[in-house]
Amino acid sequence: MKIINKENLKKYALNYLGKYASSKKNLEIILHRRIIKNTKYTNINIDRCKLYIQEIIDELEQSDILNDAVFANSKAFHYIRMGKSKKMIELNLLKKGINKIIIQKTLEKLENDIPNLEYESANNFAKKRKLGRFGCNKEMKKDLEKMGRAGFNYNMSLKVLGYK
């Protein structure tokens, strides 16, 4: 159990950011959990700690250690390689606390970098799941259902799976 002050919270935040990429909202949640964990055993002014968290996040953002746009770009590119649809990427980034404007800019940038973005991610998804022409090619209905649940539209699914 450590004393909760601004310096210790900042050390914890930097240590966390050294291990994991994070958005502002996620780091705020992590630091808040840290405070809650320590308030069980000691009397700590939570309002003062919330001010510390906001100051730390502002400092990290000014020094460009914490940047939501960079985080969104790296996560979106990772999701494309995993085979996630644009809808799923948008939802996952919203869950991480990324602003909608940043998400739209990120998706536009990805579409400029990768011309057939949706096709590429659908293709990656089908390869990983061994669907359609990448698998046994027997269960057309089940393959299309899996593609639909992953967020890909019907025509794109048909095209990727080789049923069209």
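Of the contacts in the protein with a separation of 6 or more, 63% are between residues 24 or more positions apart; contact here means heavy atoms within 4.5 Å. Keep in mind that this is a predicted model: local features need pLDDT of at least 70, side-chain atom pairs count only at pLDDT 80 or more, and totals for chains, interfaces and linings use all residues. Residues are numbered from 1 along each chain as its sequence is written, and side-chain values use heavy atoms, with hydrogens and water left out.

The protein has nine helices and zero strands, where helices (H or I, at least four residues) and strands (E, at least two) are DSSP runs numbered from the N terminus. Its radius of gyration is 21 Å, well over the 15 Å that the globule rule gives for 164 residues, so the protein is more spread out than a compact globule. That radius is taken over C-alpha atoms, and the rule is 2.2 Å times the number of residues to the power 0.38. Along the principal axes, the C-alpha atoms fill a box of roughly 65 × 35 × 20 Å. Buried residues come to 34% of the 164; buried means under 20% relative accessible area, exposed over 50%, and partly exposed in between (1.4 Å probe, protein chains only).

Now for the part itself: helix α9, residues 154-161. Which of its residues are buried? They are Met156, Ser157, Leu158, Val160 and Leu161. What do these buried residues pack against? Their partners are α7 (117-129) and α8 (140-149). Just past the end of α9 sits glycine 162, with a positive phi of about 85°.

To see the α8 side, go to aspartate 143, which lies in that helix. Aspartate 143 is buried, with a relative accessible area of 7%. Leave aside its neighbours within four places in sequence, and aspartate 143 is in contact with Leu131, Gly132, Leu161 and Tyr163. Leu161 shows up again there, as one of the buried residues of α9. Leucine 158, another name from the α9 list, is 15 residues along the chain from aspartate 143, and their C-alpha atoms are separated by 9.4 Å.

Asparagine 92 is buried at a relative accessible area of 15%, and it touches Tyr79 and Lys84, not counting residues up to four places away in sequence.
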